[in-house]
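Subject: the model, plus my notes

Hi,

Here is the structure I promised to pass on.

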Amino acid sequence: MAKKIAEPNIITIATQKGGVGKTSLTVNLAEAFVGLKKKVLVLDLDYQGDASDWLGVADVIEESKRSTTWGLVRGKKIPDLRVSTTIHGLDVIGSDLSLNYAIQKYNGQQEQFNVVKRILDCPERHEYDIILIDTHPSLDPLLTSALNYSHYYLVPMFPEKHPFKGLEYLMRMVTSVKENQNPMLFFLGIVITKYKKKAKAHQEYLEVIKEHTSDAGITLFEPFIRDTDSMASASGSQNPLSQYIKELPVKPKESAGTDYRKLATSLLTKLKGKRLGRPQKVIDPMKVKVIAEKTKEHQYTDEFGSLVF
């Protein structure tokens, strides 16, 4: 009997809110997985192309036309689209603004929900241990496409005012996907990003998030990803954080790179020995809505003791 070829773990990074560190999470988690001896493919489904730019392949994609758009309009797959990064073991299928125009062309057609399947449904996906999908911060057909073909999804959350805003609508989309397309889609949990440990408001927001995720049966991963000055500089250098810090003559005292490595290790523990995707009762969107309303009513204080409205 022929040996069964292992499938990669396909994980969508999903959120409706912008500015919560979604692309930072995708890029730096990918690099952390590579550091743990995993071969990783990043699929950039955000037509802003931030992950492609951060990984230093945006120019290559523009010149070669090897982007997710060609997966949609020409049926191109991994071998035709992937670009190697400077990090051995990390490849990316990039994106640009043309994807937005292409998806509009297929508005109302089934093809707009099959972008990820068209690209990844080929033998070459087995070359990877993990495929991370970076999505646009909206509930659009591209996100549906990603969830349709993923085994897992992960949600970044910023400890700010109304942290659960938008999660209700994401859960409604997930409910529809599980009922109609992908019943084994599994919610891994929430990752706190841009966390400032010394900020009183962040501490208070975090306590509220901890309370309500526990009540809802949602996993809240630790460590929380710290907000450091190095993060923006790493993006500008077109390197994941850990790679950027390696090149600095003077290393910072604190780095979120350590947080990403610990998170990657924790995620691998959840994935190891598990079948891809698994039955899971979907989080009730109405329950999430109630949580969002409760957190909206909560009063927070800043580091000076003033109320935050």
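Strands β3 and β4 (residues 90-93) run antiparallel and are joined by two bridges. Before going on: this is a predicted model, where local features need pLDDT of at least 70 and side-chain atom pairs count only at pLDDT 80 or more, while totals for chains, interfaces and linings use all residues. Residues are numbered from 1 along each chain as its sequence is written, and side-chain values use heavy atoms, with hydrogens and water left out.

A word on terms: helices (H or I, at least four residues) and strands (E, at least two) are DSSP runs, numbered from the N terminus. Two strands pair if DSSP finds at least two bridges between them.

Back to β3 and β4. Valine 83 has valine 92 of β4 as its bridge partner, and serine 84 sits opposite aspartate 91 in β4. Five residues lie between the strands of this hairpin, and glycine 89 has a positive phi near 95°. On its other pairing, β4 runs parallel to β2, with four bridges between them; there, leucine 43 is opposite isoleucine 93 of β4. In a regular strand, side chains alternate between the two faces of the sheet. In β4, Leu90 and Val92 point one way, Asp91 and Ile93 the other, and all are buried (buried is under 20% relative accessible area, exposed over 50%, partly exposed in between, with a 1.4 Å probe and protein chains only).

The whole sheet is open and mixed, with eight strands in the order β3-β4-β2-β5-β1-β6-β7-β8. Its edges are β3 (83-84) and β8 (220-221), each pairing on one side only. Helix α1 (residues 22-35) packs on the sheet and touches β1 (9-13), β2 (40-45), β4, β5 (130-135), β6 (152-157) and β7 (186-192), with its direction at about 170° to that of β5. Helix α8 (residues 141-149) packs there too, touching β1, β2, β5 and β6, at about 155° to β1. Contact here means heavy atoms within 4.5 Å; axes are lines fitted to C-alpha atoms, for helices over the stretch in contact, and angles run from 0 to 180 degrees between N-to-C directions.

Which residues of helix α6 (residues 98-105) are buried? They are Leu99, Asn100, Ala102 and Ile103. Seen down the α6 axis they fall within an arc of 165°, so they line one face of the helix (the arc is that of the directions from the helix axis to the C-beta atoms). Exposed Tyr101 and Lys105 are on the face turned away from that buried side. The cover over the buried residues includes β2, α4 (68-73), α7 (115-120) and α8.

One more residue to look at is aspartate 140, in the loop between β5 and α8. Aspartate 140 is buried, at 13% relative accessible area.

Cheers
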